[in-house]
Amino acid sequence: MLREKSPLFSPIKLGNVVIPNRFMRSATCERRADENGLPTPELFKIIKNLAFGEVGLIVPGFFYINEQSRSSIGQSGMFSNKHSQAWKSTIEQIHNET
């Protein structure tokens, strides 16, 4: 089967978002955040490589949502503006370049 004819490589609409293909990377815990739960350059590199490798939907990770819910050292946090701003530039870059 040719790639162009395979449903794996065809777009799909999920709500208001069009995903370019059917490949999804689910949330995992890479343990690549700093001591404050902020993403490190190494973690951004992992996410960027997935996007540039044409993974259609990337769930960036297993995040903790407040300081009491961290399950491991190196886990990413997402409970403050500082956390969301740390991800913003990488997400924008990926959306602009893919």
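**Entry 1. Helix H1**

I am working from a predicted model. I started with helix H1, residues 41–52. H1 has 12 residues. From its first C-alpha to its last, I get a reach of 16 Å, close to the 16 Å expected at 1.5 Å a residue.

Next I looked up burial along H1. Which residues of H1 are buried? I noted Leu 43, Phe 44, Ile 47 and Ala 51. These four cover an arc of only 100° around the axis, which puts them on the same side of H1. An α-helix has 3.6 residues a turn, so residues three or four places apart point the same way.

I then turned to the other side of H1. Pro 41 and Lys 45 are exposed there.

What do the buried residues of H1 pack against? I found strand S3 (24–25), strand S4 (57–58) and helix H2 (81–97).

**Entry 2. The nonpolar core**

I looked up the largest nonpolar core. It has six residues. They are Leu 43, Phe 44, Ile 47, Ala 51, Trp 87 and Ile 94. H1 and H2 each supply at least two residues of this core. The largest share, four residues, comes from H1.

Leaving out residues up to four places away in sequence, Leu 43 touches Glu 30, Arg 32, Ser 76 and Trp 87.

**Entry 3. Aromatic pairs**

I searched the whole structure for aromatic pairs and found four. I wrote up two of them. For each I logged a distance and an angle, since a pair of aromatic rings is described by the distance of the centres and the angle of the planes.

I took Phe 63 and Trp 87 as one of the pairs. Their ring centres are 5.6 Å apart and their planes stand at 70°. Why is this pair edge-to-face? An angle over 60 degrees counts as edge-to-face, and the planes here are at 70°, so the pair qualifies. Phe 63 lies in the loop between S4 and H2, while Trp 87 lies in helix H2. The pair therefore ties together parts that are 24 residues apart in sequence. Trp 87 is buried, at a relative accessible area of 3%.

Tyr 64 and Phe 79 form another aromatic pair. This pair is tilted, with 5.5 Å centre to centre and 40° between the planes. Tyr 64 and Phe 79 are each in the loop between S4 and H2, 15 residues apart. Is Tyr 64 buried or exposed? Tyr 64 is buried, with a relative accessible area of 2%. Phe 79 counts as partly exposed, at 31% relative accessibility.

I also looked for clusters. Phe 44, Phe 63 and Trp 87 form one aromatic cluster. Phe 44 and Trp 87 had already turned up in my list for the largest nonpolar core.

**Entry 4. Salt bridges**

How many salt bridges does a search of the whole structure find? I found two.

Glu 30 and Arg 25 meet through their side chains, at 2.2 Å, N to O. I checked both partners for burial. Glu 30 is buried, with a relative accessible area of 16%. Arg 25 is buried too, with a relative accessible area of 13%. Glu 30 was also on my contact list for Leu 43.

Glu 42 and Arg 32 form a salt bridge at 3.0 Å, N to O. This pair links distant parts of the chain, 10 residues apart. Glu 42 is in helix H1, and Arg 32 is in the loop between S3 and H1. Glu 42 is partly exposed, with a relative accessible area of 46%. Arg 32 counts as partly exposed, at 32% relative accessibility. Arg 32, too, was on the contact list for Leu 43.

**Entry 5. Single residues**

I looked up His 95, which is in helix H2. His 95 counts as exposed, at 60% relative accessibility. I then took a C-alpha distance. His 95 and Ala 51 are 44 residues apart along the chain, and their C-alpha atoms are separated by 8.7 Å. Ala 51 is one of the buried residues of H1.

I ended on backbone angles. Arg 31 is not a glycine, yet its phi is positive, about 60°. I placed Arg 31 in the loop between S3 and H1. Arg 31 is partly exposed, with a relative accessible area of 48%.

Glu 54 follows H1 and has a positive phi near 70°. I placed Glu 54 in the loop between H1 and S4. At 49% relative accessibility, Glu 54 counts as partly exposed.

Terms used. Residues numbered from 1 in each chain as written. Predicted model: local features only at pLDDT ≥ 70, side-chain atom pairs only at ≥ 80, totals over all residues. Heavy atoms only, no water. Expected span 1.5 Å × (residues − 1). Buried < 20%, exposed > 50% of the residue type's maximum accessible area, 1.4 Å probe, protein only. Arc of directions from axis to C-beta. Contact = heavy atoms within 4.5 Å. Core = buried A, V, L, I, M, F, W, Y, C linked by side-chain atoms within 4.5 Å. Phe/Tyr/Trp six-rings, centres within 6.5 Å; stacked < 30°, edge-to-face > 60°. Salt bridge = Lys/Arg side-chain N within 4 Å of Asp/Glu carboxyl O.
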